[in-house]
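Trainee: Hey, I've got a new structure to learn and I'm a bit lost. Help me get started, please.

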Amino acid sequence: MADSFEQYWAGFDRAQRERDVELMTAQDVRGALSAENPSPRDFLALLSPAAAPFLEDMARRARELTTRHFGYAVNIFTPLYISDVCTNHCRYCGFNAKNRQKRTHLSVEEAVREAMAIRDEGFEEILLLTGEAPRLSSPQYIADVVRRIRGHFASIGIEVYSLEERDYRMLVEAGVSSMTMFQETYNPELYAWLHPAGPKSNYSYRLNAPERACRAGMRSVGLGALLGLDRVEHDGFATGLHAWWLQRRYPGVDIAVSIPRICSHEGSFDIPHELDDRRFVQYVSALRIFLPRASITCSSRESADMRNHLVQICVNRVSAGVSTAVGGRVKLVETPPQFDITDSRSMAVMEQELAELGFQAVLKDWEDPTADRAEVSA
């Protein structure tokens, strides 16, 4: 196995992959559906046009595997945006440094107030998010927030910019149990165009961040592409392959996948490869078949109907009670959101609707064993 996923991924020729996709047959798809341990080629077959007529078969197979590994439990979490100050110029993002909008960076005390509002809603799992402004939203700042709130939540995750291994290790020691890193696109040339300036423009550094987090002792590591930037046969395939590679390299780490489709934001961006609902469901079903033990997260970018549909097939983790605006919980400030959410259900409504579908909402399935919840105060 290659020393890094970057090396492994570099061995896959795009032109050859495009030819392979076009040459896939119904027989290839049937073989992938019946495989006990699907190979990367099987995964590619399930993403190909040849698999389109097999969508119902794929959904049934995906549901069978999801039930086998996760039962009827669906984990619920909520995000907490603590800073939208960003030095990157990502063409598709509402935090783009060129966008003229009010920016907000919460102090540690303000972040704690926001977290306590979330706690009072009953959430046990929280995800901290920032823009990329390392001098302001430094790893130490994030760790300070985590230390203040860790006693109030079963688990704390981060979705921030790429960090050094030592920084991930410091955050693990502070109480972070999971990280999510979106590569956005695995196409180096497209990545360079989409990220013309700012530290995020370093494709390799971001691509290798999940592995640095694994080495640092992170319990759970999530990844994903922003669907719609490139064809799903490329970015979707790379996402699944990345998770598959990490599972084999770091068997003690829970590897998870997120499935965001690009949506509107404060700036303007034409979606080059928009993914319709049918292709989207095909992709997520293929992910589950290829990665039966990986958690799959569907965010509030998707509608309530779509998320309810995917929960019954392959998704086992969803957000609820979402605000993508910094300070949006207790109305500390008024800032625009990073992107528009589609599903605004509260935790209570989410629990009720999941129950009606025959699923149990799980607020925590793991708890930080080093946090003394009785002694930590806001």
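This is a predicted model: local features need pLDDT of at least 70, side-chain atom pairs count only at pLDDT 80 or more; totals for chains, interfaces and linings use all residues.

Trainee: OK, let me try one. Is W245 buried or exposed?

Mentor: W245 is buried, with a relative accessible area of 0%.

Trainee: And which helix is W245 in?

Mentor: W245 sits in helix α12. Helices (H or I, at least four residues) and strands (E, at least two) are DSSP runs, numbered from the N terminus.

Trainee: How far is W245 from K364?

Mentor: In space they are 27 Å apart, C-alpha to C-alpha, and in sequence 119 residues apart.

Trainee: Which other rings go with W245 in a cluster?

Mentor: Ring pairs link W245 with F5, Y8, W9, F12, F43, Y186, F237, W244 and F290. Rings of Phe, Tyr and Trp (its six-membered ring) pair if their centres lie within 6.5 Å; planes under 30 degrees apart are stacked, over 60 edge-to-face, and the rest tilted.

Trainee: How many aromatic pairs does the structure hold?

Mentor: There are 16 of them. One is W9 with Y186, an edge-to-face pair at 6.3 Å centre to centre with 75° between the planes. W9 belongs to helix α1 (residues 5-10) and Y186 to the loop between β4 and α9 (188-194), so this pair ties together parts 177 residues apart in sequence.

Trainee: Are W9 and Y186 buried or exposed?

Mentor: W9 is buried at 9% relative accessibility, and Y186 is buried as well, at 3%. F12 and F237 also make a pair: their ring centres are 5.9 Å apart and their planes sit at 65°, so that one is edge-to-face. Here F12 is in the loop between α1 and α2 (14-23), while F237 is in helix α12, so the pair connects parts that are 225 residues apart in sequence.

Trainee: How accessible are F12 and F237?

Mentor: F12 comes out as partly exposed at 27%, whereas F237 is buried at 2%.

Trainee: New topic: what's the volume of the largest pocket?

Mentor: About 410 Å³. On a 1 Å grid over the protein atoms alone, a pocket is an open set of points with protein on both sides within 12 Å along at least five of seven lines, a cavity is a set where a 1.4 Å probe fits but cannot get out, and lining residues have an atom within 4 Å of a point. Points are joined across faces, edges and corners, and a volume is the space filled by probe spheres set on them.

Trainee: Which residues are closest to the centre of that largest pocket?

Mentor: Of its 26 lining residues, E125, S220, D254, S295 and R317 are closest to the centre. Elements giving two or more residues to the lining include β1 (73-83), β2 (125-130) and β7 (295-298), and β6 gives the most, with four.

Trainee: What kinds of residues are in the lining of the largest pocket?

Mentor: Nine are nonpolar, 12 polar and five charged. In this count Ala, Val, Leu, Ile, Met, Phe, Trp, Tyr, Cys and Pro are nonpolar, Asp, Glu, Lys and Arg are charged, and the others, Gly among them, are polar.

Trainee: How much space lies in the second largest pocket?

Mentor: About 250 Å³. Its lining has 16 residues, and E36, N37, P38, F290 and P292 lie nearest the centre. α5 (55-70), α12 (232-249) and α13 (277-290) each give two or more residues to that lining, with α5 giving the largest share, four. By type, the lining splits into eight nonpolar, three polar and five charged.

Trainee: How many cavities of 30 Å³ or more are there?

Mentor: Two. The second largest cavity holds about 40 Å³, and its lining is R63, T66, T67, G71, V311, Q312, I313 and F359. α5 contributes the most to that lining, with three residues.

Notes: Residues are numbered from 1 along each chain as its sequence is written. Side-chain values use heavy atoms; hydrogens and water are left out. Buried means under 20% relative accessible area, exposed over 50%, partly exposed in between (1.4 Å probe, protein chains only).
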